[in-house]
Amino acid sequence: MHLLVPFASALSEAGRHTLHDLKLTHLDRLLARLAPGDRLGTDEFSLTPPHEGALAAARGWRGGAGTLPFAAHAAREDGVEVLDLAWGLLTPVHWHVGRDQITLADPEALQLDAAESRALFEAVRGLFESEGFALAWGAPLRWYAAHESLVELPCASLDRVVGRNVDRWLPAGREARLLRRLQNEVQMLLYGHPVNEAREAQGRLAVNSFWLSGCGRWQSSQTPEVAVDARLRVPLLSEDWAGWAEAWRALDAGPLARLAAAAERGEAVSLTLAGERFAQRFDAATGPLWSRLARRWRHPAPADVLETL
């Protein structure tokens, strides 16, 4: 049993205050029985957020920041025949154009249905296929593109960009020139598209661009799949600290309580907590009985652990 919790910590002052006000009883029980293991990450500017890096490490994938094959993995789960092609995830998104910067809205806020998504997908398909890309539709927010230029193209995870200025996260270098041009062409094509006109008439966000991420060839997973509980994602990215606190309490009362009970029964459990900079794994404590007992009495508080992430 291995549980991965993304967005478990926040760097903002409001996020830190929220953490210290939380009472996470079952996380505390787990920290009393588990010992720190592998820690990975660098800073909040890495193309790959810590939770994705931890998941890739658990699967035994090869690749550096921004070059982990999440697209090919998701495409295969969506029934796409990935073969030996290099795939990228094309997420339909809304770019909000402000006075000083362009920010990316959370794609979940689009509430894009399958019919709308397929119509927009078919509209842009020709632009990509004319440049030698193969496209596949997986789900309303999951379009896939295959092309040799995507073999090792570093791209920022969507989770790094939501709510932020897109400029610092756009792919750069010679390999990205074609994609930047396609992005401009897609934006022009989607402007005034009937789907977007209907959405705007209803007061809904238009789909006016795409975000590319998770590029690379498919790789097999070397270990059993990790359970990922991403309920903290939406409230953190929207800076809804009351909602984030409520999600944390539900997580503590549910999955973490079950994991703590399993640990206390002597079952082998692991927990990975991921923030914006680091992911910290915890595994069953080993060593002399006296040291394990001492840890149950003297172990870091949940907020102190989470603040380091």
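Phe 121 and Trp 143 are both buried (under 20% relative accessible area, with exposed over 50% and partly exposed in between, for a 1.4 Å probe and protein chains only). The model is predicted, so local features require pLDDT of at least 70 and side-chain atom pairs pLDDT 80 or more, whereas totals for chains, interfaces and linings use all residues. Residues are numbered from 1 along each chain as its sequence is written, and side-chain values use heavy atoms, without hydrogens and water.

The structure contains five aromatic pairs (rings of Phe, Tyr and Trp, the last by its six-membered ring, with centres within 6.5 Å; planes under 30 degrees apart are stacked, over 60 edge-to-face, the rest tilted). One of them, Phe 121 with Trp 143, is edge-to-face, at 5.6 Å centre to centre and 75° between the planes. This pair links helix α5 (residues 114-129) to strand β7 (residues 142-146), its members being 22 residues apart (helices are DSSP runs of H or I with at least four residues, strands runs of E with at least two, numbered from the N terminus). Phe 128 and Phe 210 also pair edge-to-face, because their ring centres are 5.6 Å apart and their planes lie at 65°. Since Phe 128 belongs to helix α5 and Phe 210 to strand β8, the contact ties together parts 82 residues apart in sequence. Phe 128 is buried at 1% relative accessibility, and Phe 210 at 3%. Ring pairs join Phe 128, Phe 133 and Phe 210 in a cluster.

Strand β11 (residues 278-284) pairs antiparallel with β2 (residues 34-41) over six bridges (strand pairing requires at least two DSSP bridges). Pro 36 has Phe 282 of β11 as its bridge partner. β10 (residues 270-274) is also antiparallel to β11, over five bridges, and a hairpin of three residues joins β10 to β11.

The largest pocket holds about 970 Å³ of space (on a 1 Å grid over the protein atoms alone, a pocket is an open set of points for a 1.4 Å probe with protein on both sides within 12 Å along at least five of seven lines, and lining residues have an atom within 4 Å of a point; points are joined across faces, edges and corners, and the volume is the space filled by probe spheres set on them). Among its 38 lining residues, Glu 52, Phe 70, Leu 89, Arg 142 and Asp 159 are the closest to the centre. α4 contributes the most to this lining, with five residues.
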